[in-house]
Amino acid sequence: MLKLENLSVSYGTNQVLKSLDLTINSGEIHGLIGLNGSGKTTLLNCLYGFVRYQQGTITFNEQQLERKDVAFLETNNFFYSNLTGREFLSIFPNPNEKFDLETWKNLFDLPIDEMIEGYSTGMKKKLALLAVLKLDRPIIILDEPFNGLDLESNYLVEKIILMLKNEGKTILITSHILRILHQICDEIHWLNHKKISKTYLPVMFNQIDEEVLKGAFSETELANLL
Amino acid sequence: MFQKQNMIILLRIRSLQFYRELVNAGWWAVFVALIIYIMVVIKIVQPSVALLQGSELIILFSLTIFSINSIRKDKRLLKQIFPDNYKKYLFVEYAIFSLPFTIPYFFSNFQIGIVIFLLVCFLITQLDISTKINLRNQTIILKKFVSTNNFEWIAGMRKSQHLIILLYVFGVVISYWHFAGFITLGVITFIFSAFYDTCESQFILTLNEKSSRDFIITKLKVHLWQYTKFILPFLLCYFVQYPDKYIFYLPLLLVYYANFMVFILNKYKSYIPSTQLHSNIVIVGLCFIGMFIPYLFPISIILLFIFYSKSITNLKDYFHA
């Protein structure tokens with residue numbers, strides 16, 4: 001079980017997260033939604049240890065969370081230039097003997113022996129996801145995993161996430177595509193006002209659109225502008 | 001009118017960018033640049049007799065503009081802003097920013113140089129040439145020799161292997177005639193500096209090691225071993241043929257190793273996740289001067305100690321966050 005208690009994060013005087021609590025059971029997929037700048041990426045960065053938190057605890061199975069427990073798919077993935085996909089993947093350790101790169105390559109339709117500079121956005125995303133899968137860590141953080149993917153790849157990634165869940169992985173995912181979150185998540189958390197302001201269970205997912213977007217902008221004002 | 005205003009705005013932005021680049025580079029780099037500039041101006045205003053002598057700098061300037069024009073990535077943006085006359089904008093930009101180099105020609109006896117340069121600039125802007133990234137999976141000749149997770153060397157070798165191998169063979173061939181060919185190894189070491197000018201993501205940085213000190217020590221060990229494997233045949237070649245010259249080789253070898261480590265440490269001293277390093281050029285320049293000027297010889301050894309502690313301190317934030 002992944003547990004965040006009383007978590008507070010500030011960048012200088014700007015407090016981004018304040019006394020945030022969140023619990024995710026092993027083998028569950030949790031979605032994280034929030035408006036731009038609400039602190040989603042900060043929260044994910046905290047989990048991986050990219051960002052120092054000033055207060056609170058993060059535990060996994062009642063032990064202090066360590067980096068080796070977490071695999072992180074970032075929104076904007078960085079690729080060293082002049083490398084092929086296969087060479088990029090060789091940077092990542094392979095603790096799982098079951099990981100068969102050739103099968104994954106075919107499944108993702110990825111030209112892993114070509115230079116990464118020639119990849120499309122979707123291909124790069126798939127390559128970064130392969131690195132995450134290769135690491136085979138118990139907690140998987142996916143920050144906007146569907147960005148740039150075509151319809152078929154979207155479907156494939158959805159299926160992979162569900163299979164990872166069945167393997168007992170703890171998954172935290174952010175996405176602006178609510179439809180997908182509805183389909184795969186066990187719970188969806190709304191990050192607002194520096195904390196999880198509401199948690200939605202599957203029966204409540206239909207309320208999200210209305211509650212989250214309510215008051216975000218005025219349609220009348222928008223109509224006047226255009 | 002609208003286009004003219006946009007042009008002025010963009011030129012102002014460019015000046016601001018230039019100013020910020022100077023600020024980022026630091027006063028030391030600005031000072032060195034100023035000295036180089038003064039030397040160039042002196043060279044321009046010196047009376048030249050032969051036409052070739054007067055035009056050599058014009059050729060150099062034109063080549064610089066050609067390179068900048070080929071690699072600049074904002075052409076699509078410029079085509080959107082100036083759909084009809086983006087080439088005109090490019091020409092104006094090159095002409096204005098070359099003024100510090102073209103004005104001194106008024107005071108030289110090669111004033112025609114300005115006209116030639118502007119003409120070349122105009123022709124360059126008319127050619128819609130853009131450098132394409134080589135997407136071919138170029139085979140790395142010495143790939144078996146590079147460890148599979150050494151991404152800096154794999155990427156670097158793919159980019160510069162031909163030059164490196166050429167210099168290596170050249171150095172070995174020279175060894176049959178003169179022991180001073182050993183200096184080629186120093187030049188090859190400087191090419192390695194480009195292997196360490198891109199910072200990996202924080203995710204990759206923190207994959208295996210728990211602390212910044214462990215990371216730096218492991219990195220140095222792995223890369224020094226790689227470097228040693230690479231230079232070993234070269235060393236043997238010289239040590240076997242000129243065993244009595246070890247007094248010449250050993251201090252140089254020490255400096256080469258120090259330089260190599262400085263390049264690695266410089267990357268982590270200035271590490272910012274997923275970025276390209278700019279400070280590398282200045283450091284490489286300093287080490288290069290140090291190799292050729294005897295009293296600057298220890299510069300890389302001093303930098304080594306300073307950068308070692310600085311890189312550990314800089315990485316602490318990323319490891320202990």
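**Strands, a helix and a shared core**

Ser10(A) has Gln15(A) as its bridge partner in strand β2(A). The model described here is predicted, with local features requiring pLDDT of at least 70 and side-chain atom pairs counting only at pLDDT 80 or more, while totals for chains, interfaces and linings use all residues. Residues are numbered from 1 along each chain as its sequence is written, and chains are lettered from A and ligands numbered from 1 in the order in which they are written.

Strand β1 (residues 2-11) and strand β2 (residues 14-24) of chain A run antiparallel and are joined by seven bridges; strands are DSSP runs of E with at least two residues, helices are runs of H or I with at least four, and both are numbered from the N terminus. Strands pair if DSSP finds at least two bridges between them. Two residues lie between β1(A) and β2(A) in this hairpin, and Gly12(A) in the turn has a positive phi of about 65°. β1(A) also runs antiparallel to strand β4 (residues 55-60) of chain A, through five bridges, with Glu5(A) opposite Thr57(A).

Next comes helix α5 of chain A, residues 151-166. Its 16 residues should span 22 Å at 1.5 Å a residue, and the end C-alpha atoms, 23 Å apart, agree with this; the expected span is 1.5 Å times one less than the number of residues. Which residues of α5(A) are buried? They are Val157(A), Ile161(A) and Leu164(A), where buried means 20 or more other C-beta atoms within 10 Å of a residue's own, exposed means 12 or fewer, and partly exposed lies in between, with C-beta atoms placed from the backbone. Because they cover an arc of only 60° around the axis, these residues sit on the same side of α5(A); the arc is taken from the directions from the helix axis to the C-beta atoms. The face turned away from the buried side carries exposed residues, including Tyr155(A) and Lys159(A). After α5(A) comes Gly168(A), with a positive phi near 95°.

The largest nonpolar core has 91 residues, and Leu83(A) and Ile171(A) are among those with the most contacts inside it. Such a core is a set of buried Ala, Val, Leu, Ile, Met, Phe, Trp, Tyr and Cys residues joined through C-beta atoms within 7 Å. Helix α12 (residues 246-269) of chain B gives the most to this core, with 10 residues.
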